[in-house]
Amino acid sequence: MICLLTRPPHLAILSHLPTAVRKKGAPLPMHTKLKYFAGYSSQLTGQVAQLIAEGRLAEILLKKYPAPHTIRTDKALYDFTVARKNEFLRNTPPLSKVSYDGKIEALHHALGVHYFVSRVQGAKLKAKHEIKIAPAFKVAPCEFLQMIVVHELAHLKEKEHNKAFYQLCEHMEPAYGQLEFDTRLFLTHLELFGPLYPAATPSS
Ligand SMILES: [Zn+2]
(Lines give C-alpha, C1' and ligand atoms only; values in the text may rest on other atoms or scores of the structure.)
Protein backbone atom coordinates (compact mmCIF):
# COMPACT_ATOMS: atom_id res chain seq x y z
CA MET A 1 0.00 0.00 0.00
CA ILE A 2 1.62 3.18 -1.18
CA CYS A 3 0.37 6.29 0.48
CA LEU A 4 0.45 9.54 -1.38
CA LEU A 5 -1.87 11.15 1.12
CA THR A 6 -4.38 11.69 -1.63
CA ARG A 7 -7.13 12.77 0.64
CA PRO A 8 -9.90 14.90 -0.80
CA PRO A 9 -9.86 18.49 0.40
CA HIS A 10 -10.94 18.94 3.97
CA LEU A 11 -13.17 21.88 4.69
CA ALA A 12 -12.17 24.54 7.22
CA ILE A 13 -8.71 23.10 7.06
CA LEU A 14 -6.99 26.44 7.40
CA SER A 15 -8.89 27.22 10.58
CA HIS A 16 -5.70 27.90 12.50
CA LEU A 17 -4.55 30.48 10.00
CA PRO A 18 -5.62 34.09 10.19
CA THR A 19 -8.69 34.73 8.09
CA ALA A 20 -8.47 36.65 4.85
CA VAL A 21 -4.80 35.83 4.49
CA ARG A 22 -5.12 36.46 0.80
CA LYS A 23 -6.07 39.99 -0.05
CA LYS A 24 -9.05 40.19 -2.32
CA GLY A 25 -7.91 40.29 -5.91
CA ALA A 26 -4.25 39.82 -5.04
CA PRO A 27 -2.57 37.85 -7.82
CA LEU A 28 -1.49 34.32 -7.05
CA PRO A 29 2.25 33.79 -7.25
CA MET A 30 1.89 31.27 -10.03
CA HIS A 31 5.56 30.33 -10.09
CA THR A 32 5.10 28.59 -6.76
CA LYS A 33 4.41 24.95 -7.39
CA LEU A 34 2.37 23.41 -4.64
CA LYS A 35 2.69 19.74 -5.40
CA TYR A 36 1.60 18.68 -1.94
CA PHE A 37 -1.70 20.50 -2.41
CA ALA A 38 -2.84 18.92 -5.65
CA GLY A 39 -6.58 18.38 -5.47
CA TYR A 40 -7.20 21.20 -3.00
CA SER A 41 -9.40 24.14 -3.93
CA SER A 42 -7.84 27.19 -5.55
CA GLN A 43 -8.97 29.18 -2.52
CA LEU A 44 -6.90 27.02 -0.17
CA THR A 45 -3.88 26.82 -2.44
CA GLY A 46 -4.16 30.59 -2.88
CA GLN A 47 -3.91 31.05 0.86
CA VAL A 48 -0.88 28.78 1.02
CA ALA A 49 0.78 30.55 -1.91
CA GLN A 50 0.15 33.87 -0.21
CA LEU A 51 1.81 32.64 3.01
CA ILE A 52 4.83 31.60 0.98
CA ALA A 53 4.93 34.90 -0.94
CA GLU A 54 4.84 36.81 2.34
CA GLY A 55 7.65 34.67 3.77
CA ARG A 56 5.45 33.55 6.66
CA LEU A 57 5.34 29.78 6.17
CA ALA A 58 8.06 29.02 8.74
CA GLU A 59 6.60 31.48 11.25
CA ILE A 60 3.14 29.87 11.06
CA LEU A 61 4.54 26.37 11.40
CA LEU A 62 6.99 27.18 14.22
CA LYS A 63 4.33 28.98 16.20
CA LYS A 64 2.19 25.86 16.22
CA TYR A 65 5.02 23.29 16.26
CA PRO A 66 8.00 24.89 18.04
CA ALA A 67 10.20 21.78 18.27
CA PRO A 68 10.77 18.45 16.55
CA HIS A 69 10.36 15.05 18.20
CA THR A 70 13.39 12.98 19.16
CA ILE A 71 12.39 9.66 17.58
CA ARG A 72 15.42 9.41 15.30
CA THR A 73 16.29 5.72 15.17
CA ASP A 74 14.40 2.82 13.62
CA LYS A 75 14.22 1.19 17.05
CA ALA A 76 12.57 4.28 18.56
CA LEU A 77 10.24 4.50 15.54
CA TYR A 78 9.28 0.85 15.95
CA ASP A 79 8.47 1.36 19.64
CA PHE A 80 6.46 4.52 18.88
CA THR A 81 4.45 2.69 16.21
CA VAL A 82 3.84 -0.46 18.22
CA ALA A 83 2.65 1.61 21.20
CA ARG A 84 -0.08 3.11 19.00
CA LYS A 85 -0.87 -0.24 17.46
CA ASN A 86 -1.30 -1.82 20.89
CA GLU A 87 -3.57 1.00 21.98
CA PHE A 88 -5.95 0.93 19.02
CA LEU A 89 -5.34 -2.13 16.85
CA ARG A 90 -4.48 -4.84 19.30
CA ASN A 91 -6.01 -7.62 17.19
CA THR A 92 -4.16 -6.85 13.97
CA PRO A 93 -1.17 -8.88 12.80
CA PRO A 94 2.24 -8.04 14.28
CA LEU A 95 4.67 -5.69 12.55
CA SER A 96 7.95 -7.29 11.60
CA LYS A 97 9.73 -4.01 10.95
CA VAL A 98 9.23 -0.24 11.07
CA SER A 99 11.90 2.02 9.64
CA TYR A 100 12.79 5.35 8.10
CA ASP A 101 13.57 4.62 4.48
CA GLY A 102 14.91 7.19 2.03
CA LYS A 103 14.16 4.99 -0.95
CA ILE A 104 10.40 5.20 -0.68
CA GLU A 105 10.33 8.87 -1.71
CA ALA A 106 12.39 8.25 -4.79
CA LEU A 107 10.74 4.96 -5.74
CA HIS A 108 7.11 5.66 -5.00
CA HIS A 109 6.94 9.43 -4.42
CA ALA A 110 5.34 8.39 -1.17
CA LEU A 111 5.61 9.49 2.43
CA GLY A 112 4.77 6.19 3.98
CA VAL A 113 4.49 2.66 2.74
CA HIS A 114 2.81 -0.31 4.29
CA TYR A 115 4.24 -3.53 2.91
CA PHE A 116 2.31 -6.71 3.10
CA VAL A 117 4.41 -9.67 2.08
CA SER A 118 3.15 -13.24 1.93
CA ARG A 119 5.71 -15.99 2.00
CA VAL A 120 5.39 -19.73 1.96
CA GLN A 121 7.38 -21.05 4.88
CA GLY A 122 7.31 -24.82 5.08
CA ALA A 123 3.64 -25.78 4.83
CA LYS A 124 2.46 -22.42 6.12
CA LEU A 125 1.70 -19.15 4.39
CA LYS A 126 3.39 -16.48 6.45
CA ALA A 127 2.35 -12.87 6.18
CA LYS A 128 4.75 -10.12 7.09
CA HIS A 129 3.78 -6.55 7.71
CA GLU A 130 6.31 -3.81 7.46
CA ILE A 131 6.01 -0.03 7.63
CA LYS A 132 8.44 2.39 6.04
CA ILE A 133 8.34 6.10 6.78
CA ALA A 134 9.93 8.84 4.68
CA PRO A 135 12.99 10.44 6.33
CA ALA A 136 11.28 13.83 6.05
CA PHE A 137 9.47 12.78 9.24
CA LYS A 138 12.71 12.14 11.15
CA VAL A 139 13.15 15.79 12.05
CA ALA A 140 9.52 16.85 12.25
CA PRO A 141 6.88 17.68 14.84
CA CYS A 142 5.76 14.63 16.81
CA GLU A 143 2.20 15.30 15.63
CA PHE A 144 3.20 14.76 11.98
CA LEU A 145 4.97 11.50 12.77
CA GLN A 146 1.86 10.45 14.68
CA MET A 147 -0.27 11.28 11.61
CA ILE A 148 1.78 9.21 9.15
CA VAL A 149 2.13 6.30 11.61
CA VAL A 150 -1.62 6.28 12.26
CA HIS A 151 -2.18 6.35 8.48
CA GLU A 152 0.05 3.35 7.86
CA LEU A 153 -1.34 1.43 10.85
CA ALA A 154 -4.90 1.99 9.58
CA HIS A 155 -3.89 0.04 6.47
CA LEU A 156 -3.58 -3.06 8.65
CA LYS A 157 -7.39 -3.01 8.66
CA GLU A 158 -8.37 -1.02 5.57
CA LYS A 159 -6.38 -1.43 2.38
CA GLU A 160 -8.03 1.40 0.45
CA HIS A 161 -8.26 5.11 1.18
CA ASN A 162 -11.99 4.92 1.71
CA LYS A 163 -14.39 6.40 4.26
CA ALA A 164 -13.85 3.60 6.77
CA PHE A 165 -10.10 4.14 6.46
CA TYR A 166 -10.29 7.84 7.35
CA GLN A 167 -12.75 7.14 10.16
CA LEU A 168 -10.21 4.76 11.62
CA CYS A 169 -7.44 7.37 11.25
CA GLU A 170 -9.61 9.91 13.05
CA HIS A 171 -10.44 7.42 15.77
CA MET A 172 -6.73 6.96 16.45
CA GLU A 173 -5.86 10.64 16.01
CA PRO A 174 -8.85 13.03 16.28
CA ALA A 175 -6.87 15.87 14.66
CA TYR A 176 -5.89 13.63 11.72
CA GLY A 177 -7.30 15.86 8.96
CA GLN A 178 -5.70 19.03 10.31
CA LEU A 179 -2.38 17.27 10.87
CA GLU A 180 -2.37 15.92 7.34
CA PHE A 181 -2.90 19.42 6.01
CA ASP A 182 -0.22 20.90 8.29
CA THR A 183 2.15 18.15 7.17
CA ARG A 184 1.66 19.32 3.60
CA LEU A 185 2.66 22.84 4.72
CA PHE A 186 5.72 21.37 6.45
CA LEU A 187 6.77 19.36 3.38
CA THR A 188 6.27 22.42 1.19
CA HIS A 189 8.58 24.36 3.48
CA LEU A 190 11.15 21.57 3.34
CA GLU A 191 11.09 21.58 -0.44
CA LEU A 192 11.15 25.34 -1.00
CA PHE A 193 13.27 26.59 1.92
CA GLY A 194 14.97 23.57 3.51
CA PRO A 195 14.63 22.19 7.04
CA LEU A 196 12.22 23.90 9.42
CA TYR A 197 14.48 22.92 12.34
CA PRO A 198 18.02 23.36 10.93
CA ALA A 199 19.70 22.97 14.33
CA ALA A 200 18.25 19.46 14.71
CA THR A 201 18.87 18.38 11.13
CA PRO A 202 22.03 16.39 10.29
CA SER A 203 24.03 18.33 7.70
CA SER A 204 24.86 15.30 5.56
ZN1 LIG B 1 -2.35 5.12 2.54
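Helix packing and burial

Reader: What makes helices H5 and H7 a crossing pair?
Author: The axes of helix H5 (residues 142-154) and helix H7 (residues 176-193) come within 9 Å and cross at roughly 115°. Axes are lines fitted to C-alpha atoms, for helices over the stretch in contact, with angles from 0 to 180 degrees between N-to-C directions. This is a predicted model: local features need pLDDT of at least 70, side-chain atom pairs count only at pLDDT 80 or more, and totals for chains, interfaces and linings use all residues. Residues are numbered from 1 along each chain as its sequence is written.

Reader: Which residues make the contact?
Author: H5 supplies Glu143, Phe144, Met147 and Val150. H7 supplies Tyr176, Leu179, Glu180, Thr183 and Phe186. Two residues are in contact if their C-beta atoms, placed from the backbone, lie within 7 Å. By class, there are 6 nonpolar, 1 polar and 2 charged residues. Nonpolar means Ala, Val, Leu, Ile, Met, Phe, Trp, Tyr, Cys or Pro; charged means Asp, Glu, Lys or Arg; the others, Gly among them, are polar.

Reader: How do you know that Leu179 is buried?
Author: Count its neighbours. Buried takes 20 or more other C-beta atoms within 10 Å of the residue's own, exposed takes 12 or fewer, and partly exposed lies in between. Leu179 has 23, so it counts as buried. Leu179 lies in helix H7. Beyond four places in sequence, Leu179 is in contact with Glu143, Phe144, Met147 and Glu173.

Reader: Why is Lys97 called partly exposed?
Author: Lys97 has 14 C-beta neighbours inside 10 Å, so it falls in the middle class. Lys97 is found in strand E2 (residues 95-100). Its C-alpha and that of Lys128, 31 residues away along the chain, are separated by 8.8 Å.

Reader: What is the span of helix H1 set against?
Author: The expected span is 1.5 Å times one less than the number of residues. H1 (residues 42-53) has 12 residues and reaches 16 Å from first C-alpha to last, close to the expected 16 Å. Its buried residues are Leu44, Gln47, Val48, Ala49, Gln50 and Leu51. What covers them includes helix H2 (57-64) and H7. After H1 comes Gly55, with a positive phi near 70°.

Reader: How many helices and strands does the protein have?
Author: It has 7 helices and 4 strands. Both are DSSP runs numbered from the N terminus: helices are H or I with at least four residues, strands E with at least two.

Reader: Which elements have the lowest and the highest mean pLDDT?
Author: Strand E1 (residues 2-3) is lowest at 52, and helix H3 (residues 74-88) is highest at 97. Here pLDDT is the predictor's confidence in each residue, from 0 to 100. Over residues 4-31 it is below 50. The protein's mean is 81, and 78% of its residues reach 70 or more.
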